[in-house]
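Here's a quick tour of some charged pairs and the nonpolar packing in this protein. Have the model open as you read.

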Amino acid sequence: MRSSFQHSLPSALARQLARGLPLGVSADAPRQDVAERLGQWLNVAEAIELHAAQAAVTAAGAAASRRPPRVEPGALHASLRAELDRVRSVLTRSITTRPAHQPDPNDLDTEFAFFHQRLGDQQRRMELGVDALREHVRQQLAQSTPAMAQLAALDAVMDQLFGGREQRLLSQLPAFLKARFAALRLEAARLDTPDDLRWLHAFATEFEQTLLAELDLRLQPVTGLIEALAHEH
């Protein structure tokens with residue numbers, strides 16, 4: 001499960017998760033053509049839905065061509081880029097701000113529950129913040145040039161088709177992190193240093209790095225939309 005999960009995610013998160021893979025398991029997924037990899041994620045009904053969406057994408061471009069852009073593309077790009085940076089900064093600060101918590105060396109069995117709750121809280125914050133930003137960016141692009149309006153319409157379709165799959169993949173993170181927690185603890189016990197909590201501090205660092213990689217993954221679509229806008233001016 002771990003290797004297939006890791007191969008399903010983009011590089012930053014995949015590299016972070018690869019640290020917990022057994023020795024001998026490669027962190028590099030086989031390179032495939034983009035269309036081939038996309039095809040593996042689509043069933044027949046979804047492929048038909050994606051094909052049918054071409055009409056909506058074309059219509060969005062036609063509607064935008066009948067009106068001038070609400071905001072000049074250069075100014076819009078700067079505004080949306082600043083909003084992206086703000087959201088990234090807020091969520092990064094939330095991830096890296098450690099709650100006041102002192103581990104009990106005599107009750108380490110409950111420690112992962114603390115991390116599990118923190119993971120759920122941070123994932124909910126990311127989902128709410130990034131989804132709101134992505135929708136805002138799409139709305140702004142829809143009022144921009146015809147090409148950007150088409151891109152916004154296409155992104156809405158792709159989000160609908162693949163958003164659920166992304167969430168299902170990310171829902172496997174708790175199990176992966178729990179296995180990593182257990183492995184580090186076992187290694188400390190094997191070295192006869194179970195009372196030395198350096199392994200727990202190392203896990204806390206890996207935990208935050210994994211969340212930061214997840215944030216990067218979640219922000220990739222909206223980052224792509226904004227960067228596409230940069231080429232319109």
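## A pair in helix α6

Let's start in helix α6, which covers residues 111–142: R124 and D121 both sit in this helix, three residues apart, or about one turn. Keep in mind that you're looking at a predicted model. The side chains of R124 and D121 come together in a salt bridge, with 2.6 Å from N to O.

How exposed is each partner? R124 has a relative accessibility of 48%, so it counts as partly exposed. D121 is partly exposed too, at 28% relative accessible area.

## A pair in helix α5

Now hop over to helix α5, residues 73–96. D85 and R81 are both found there, four residues apart, which is about one turn of the helix. Their side chains form a salt bridge as well, with an N to O distance of 3.5 Å.

## A pair in helix α8

What separates E187 and R190 in helix α8? About one helical turn, because these two are three residues apart in that helix, which runs over residues 173–190. The side chains of E187 and R190 meet in a salt bridge at 2.7 Å, N to O.

Is R190 buried or exposed? R190 is exposed, with a relative accessible area of 57%, while E187 counts as partly exposed at 35% relative accessibility.

## A network, and the total

Some salt bridges share partners, and in this way R134, E135, R138, D155 and D159 are joined into one network. Overall, the model has 16 salt bridges. As a bit of background, side chains of opposite charge can pair when their charged atoms come close.

## The nonpolar core

On to the greasy side of things. In soluble globular proteins, nonpolar side chains tend to be buried together. Here, the largest nonpolar core has 37 residues, and the members touching the most others are V137, L141, W199 and F203.

Which helices supply this core with at least two residues each? They are α5, α6, α7 (146–170), α8 and α9 (198–230). The largest share comes from α9, which puts in 13 residues.

Definitions and conventions
Residues numbered from 1 in each chain as written. Predicted model: local features only at pLDDT ≥ 70, side-chain atom pairs only at ≥ 80, totals over all residues. Heavy atoms only, no water. Salt bridge = Lys/Arg side-chain N within 4 Å of Asp/Glu carboxyl O. Buried < 20%, exposed > 50% of the residue type's maximum accessible area, 1.4 Å probe, protein only. Core = buried A, V, L, I, M, F, W, Y, C linked by side-chain atoms within 4.5 Å.
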